[in-house]
Amino acid sequence: MLEILYQDEYIIAINKPSGLLVHKSFYARDAKVYAIQELRNQIGQHVYPIHRLDRKTSGVLLFALDKEVLKIMNDRFATREVEKKYLAILRGWSPEELTIDYDLTNDDDIKQNAITYFHRLQNAEVDLEFNNKPTSRYCLVEAIPETGRMHQLRKHFKHIFHPILGSRPHGCNKQNKLWLDNFDLKGMMLHAHQLIFNHPINNEQLILNARINEEFSKVGAILNLDLSKYK
């Protein structure tokens, strides 16, 4: 059963589990289960995804319940009237805050403007030897993408040399192997924890929050991060 965060006659939001595809994809032809069909079967009606989350990204995922509402919300996403907030655990200690303005190239080899603002929430240092150093450093950040390019956060954090822990291919393979070998970490530490937007019909502001999953909590505990407000 998918966790439903909000539902009325126009829209529905779920806390998408990590590993669940939103819909069929050429890049993940091995998958047989999708959020669209699971949610449709759960509530007994068609649903239309308004935005996307990567397969390995968990968190708030919004659907329309009819095509008219879908168009309204698609327009609002396109005009940046929807605020998306993500939690990520990064390698190293990032700057306290930064706006990353770095163009990304899509699958059609077209360069697109991409902007991400983030601020650091907490630092961590643990007794985990890496690159001949006795400890390893990480940080928890909140990221707010102003644009919505494919794998934007993963690519942007790699660009500033603070890749998201568990990200493949846009991460640090050596760090990912270190965490796989020591802690059996197979997921990615990226979670869409909050979505803020005005309702498509009554225009009242909605703030939807999705709690972090067990694996994110486990990594937080290893790093001694305070994630209590996100559980």
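The accessible surface of the protein chain amounts to about 12200 Å², and 46% of this area belongs to carbon and sulfur atoms; accessible areas come from the Shrake-Rupley method with a 1.4 Å probe, and for residues only the protein chains shown count as cover. The model is predicted, so that local features need pLDDT of at least 70 and side-chain atom pairs count only at pLDDT 80 or more, while totals for chains, interfaces and linings use all residues. Residues are numbered from 1 along each chain as its sequence is written, and side-chain values use heavy atoms, with hydrogens and water left out.

The protein chain contains 5 helices and 12 strands, where helices (H or I, at least four residues) and strands (E, at least two) are DSSP runs numbered from the N terminus. Its C-alpha trace spans about 55 × 35 × 35 Å along the principal axes. Of the 231 residues, 48% count as buried (under 20% relative accessible area, with a 1.4 Å probe and protein chains only). Among contacts (heavy atoms within 4.5 Å) with a separation of 6 or more, 61% join residues 24 or more positions apart.

A pocket is an open set of points with protein on both sides within 12 Å along at least five of seven lines, a cavity is a set where a 1.4 Å probe fits but cannot get out, and lining residues have an atom within 4 Å of a point. Grid points are joined across faces, edges and corners, and a volume is the space filled by probe spheres set on the points.

The largest pocket has a volume of about 1300 Å³. Its lining comprises 41 residues, and Arg52, Asp54, Arg149, Met150 and His151 lie nearest the centre. At least two lining residues come from each of α2 (67-78), β5 (83-91), β7 (104-105), β10 (136-145) and α3 (152-159), with α3 giving the most, 4 residues. By class, 17 lining residues are nonpolar, 11 polar and 13 charged; Ala, Val, Leu, Ile, Met, Phe, Trp, Tyr, Cys and Pro count as nonpolar, Asp, Glu, Lys and Arg as charged, and the others, Gly among them, as polar.

Within α3, the buried residues are Gln152, Leu153, Arg154, His156 and Phe157. These buried residues pack against β5, β6 (97-101), β7, β9 (115-126), β10 and β11 (190-198). Phe161, which follows α3, has a positive phi near 65°.

The second largest pocket holds about 260 Å³ of space. Of its 13 lining residues, Phe130, Lys133, Thr135, Ser136 and Arg137 lie nearest the centre. β10 supplies the largest share of this lining, 3 residues.

The count of cavities of 30 Å³ or more is 2. The largest cavity, with about 40 Å³ of space, has a lining that includes Ser18, Ser58, Asn213 and Phe216. The second largest cavity holds about 30 Å³, and its lining includes His51, Val60, Tyr86 and Gln194. Both β5 and β11 supply at least two residues of the lining of the second largest cavity.

Methods. 1 Å grid on protein atoms, 1.4 Å probe; cavity = no way out; pocket = protein on both sides within 12 Å on 5 of 7 lines; lining within 4 Å. Buried < 20%, exposed > 50% of the residue type's maximum accessible area, 1.4 Å probe, protein only.
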